[in-house]
Every structure is written in C-alpha cells, then in structure tokens.
Amino acid sequence: MTNYGYEKLCAELKNLKEVQRPAIVVEIDIARSHGDLKENAEYHAAREKQAFIEARINELGLMLSAAQIIDPASLPHDKVSFGSSVKILNLDTDKEFVYTFVGSMESNPSKGLISVSSPIAKALLGKKKGDEVSITLPSGENEFEILDVFYKAIVFEE
C-alpha cells in the first residue's frame, strides 16, 4: 500500500482505540444501570457494537503489522505494476479508459483508482504498451489494447 493508505488505516485505528472504544464502555455502563440485562435492548446493542469495534481493531492491527509501504514513484513503469497508470482501449467498443492501480484500501473506482487485486488489474499486471489482453467483465469477455503505461502522482482526497 502507499503511505497514504497506511496513514489512513493508522488514523482509523487511533480513532477506534481513543474515541470509539471509551465511548462504548460508557454506553454499556449507562445501559447496565437500567436494570435487567436479559431484556435490555440498549445493553445488547452496545455490547454488539463493542464486539464490532474490537474485531475492527484486531483486523486493522493485523493489516498494519503486515503492511508493506511502497512509493510507486520509485518503481519502473515500463510494465503495468503497483502504482502504474494505464490507458487502455476496449477493442469491442472503441472506448478508452485510464486506471491507476493502488492498494485495496485506497481504491476508488469512480476516480479511476483500481485495486491491484481486482480482475482488471490482475489481467494487466506485467503487460506492456501495445499488448492486447482479454478481460472477463460482468458484461462478458472483452478485448483491450494497452495504449500507454505511465506513472502519475496520485492526489488522494478525503
């Protein structure tokens, strides 16, 4: 993942540990003070929320401990790789598309940021300008030609 993705996950983890976890403890205490826990919907909802928060904290901790931060600018972009932008032509429809391949936490398809683990990225990784690739999309099998492979700095927005 990029440094941006790493920082985004760190910020989420910090928020869960420092804001949401203490807040849910207070919610549970308030709900517990309302009496019989067997029929206390507020208590059960708060405990369920607490379980979700704890699971997400664990998940983020595992992701961050295994994360590899990569600066895409430092990679060669003569072939499609992590951080590459690629301009492709759908040979069936004559439509052009530009995608940039990022980590799954940074993907935003509406902005052309596609996860490297997506089917399109998997089909294009390692390919060069001029290569033709067959990609299975929800609409069926499509043929694409790679028009260009390049690097452009990504500006992430919140």
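A residue is called buried when its relative accessible area is under 20%, exposed when it is over 50%, and partly exposed in between, using a 1.4 Å probe and protein chains only. The structure described here is a predicted model, in which local features need pLDDT of at least 70, side-chain atom pairs count only at pLDDT 80 or more, and totals for chains, interfaces and linings use all residues. Residues are numbered from 1 along each chain as its sequence is written, and side-chain values use heavy atoms, with hydrogens and water left out.

**Overall architecture**
- The protein contains three helices and five strands, where helices (H or I, at least four residues) and strands (E, at least two) are DSSP runs numbered from the N terminus.
- Their order along the sequence is α-α-β-β-β-α-β-β.
- The radius of gyration, taken over C-alpha atoms, is 22 Å, well over the 15 Å that the globule rule gives for 158 residues, so the protein is more spread out than a compact globule. That rule is 2.2 Å times the number of residues to the power 0.38.
- The C-alpha trace spans about 70 × 35 × 25 Å along its principal axes.

**Burial and contacts**
- Of the 158 residues in the protein, 32% are buried.
- Among contacts (heavy atoms within 4.5 Å) with a separation of 6 or more, 50% join residues 24 or more positions apart.

**Gln-50**
- Gln-50 belongs to helix H2, which covers residues 41-66.
- Gln-50 counts as buried because its relative accessibility is 19%.
- Leaving aside residues up to four places away in sequence, Gln-50 touches Ile-24, Val-25 and Ile-28.
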